[in-house]
Amino acid sequence: MPVAEKKMDAPKKFTPYEPAAGEEYMNEKQLEHFRKILLGWKQELMEEVDRTVRHLQEEANNYADPADRATQEEGFNLELRTRDRERKLLKKINETLDNIDDDDYGFCEACGVEIGIRRLEARPTATLCVDCKTLAELKEKQLGG
């Protein structure tokens with residue numbers, strides 16, 4: 001599989017957090033759990049960037065046939081678009097790590113309710129609760145965006 005086809009969803013290599021009964025939401029243990037998830041995800045993305053650079057350097061052939069050259073260029077373009085999406089994701093991961101450091105993580109930016117541990121484990125960079133995210137997506141559809 002070419003490097004660019006790999007989709008970078010939230011990392012799968014972590015043990016789900018099990019809060020104790022009555023445990024305060026987004027306490028130090030929980031924040032550390034999410035910090036580790038985000039740092040692991042960031043590391044995965046950085047390794048993917050390194051692999052892409054190596055791949056582009058190793059596969060850069062000057063094909064005489066225009067069709068072969070076009071195929072190679074299209075593959076490189078796909079990889080570069082994927083890396084651009086990952087660059088944006090890295091920025092969002094860094095912003096989320098800053099939020100954790102500022103004790104401003106795990107609560108909906110729109111309404112202030114808890115986003116929830118399971119939702120954050122599925123999407124650690126989430127800034128909206130499920131209800132507000134659903135509402136935002138509906139508004140976006142209505143506006144054609």
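The legends below describe views of a predicted model of one chain.

**View 1. Overall fold of the chain.** The chain contains 4 helices and 0 strands. Read from the N terminus, its elements follow the order α-α-α-α. Along the principal axes, the C-alpha atoms occupy a box of roughly 70 × 40 × 25 Å. The radius of gyration of the chain is 19 Å, whereas a compact globule of 145 residues would have a value near 15 Å.

**View 2. Burial and contacts across the chain.** Buried residues make up 32% of the 145 residues of the chain. Of the contacts between residues at least 6 apart in sequence, 62% link residues at least 24 apart.

**View 3. Surface and charges of the chain.** The chain carries 24 positive and 32 negative charges. The mean position of the positive charges and that of the negative charges are 2 Å apart.

**View 4. Thr 96 in helix 2.** Helix 2 spans residues 66-101, and Thr 96 is part of this helix. Thr 96 has a relative accessibility of 5% and therefore counts as buried, the cut-off for buried being under 20%.

**View 5. Contacts of Thr 96.** Neighbours within four places in sequence are set aside in this view. Beyond them, Thr 96 is in contact with Leu 38, Tyr 105, Pro 124 and Thr 125.

Note on methods:
Residues numbered from 1 in each chain as written. Predicted model: local features only at pLDDT ≥ 70, side-chain atom pairs only at ≥ 80, totals over all residues. Heavy atoms only, no water. Helix = DSSP H or I, 4+ residues; strand = E, 2+ residues; numbered from the N terminus. Buried < 20%, exposed > 50% of the residue type's maximum accessible area, 1.4 Å probe, protein only. Contact = heavy atoms within 4.5 Å. Rg over C-alpha atoms; globule rule 2.2 N^0.38 Å. Lys, Arg positive; Asp, Glu negative; His and termini not counted. Charge placed at Lys NZ, Arg CZ, Asp CG, Glu CD.
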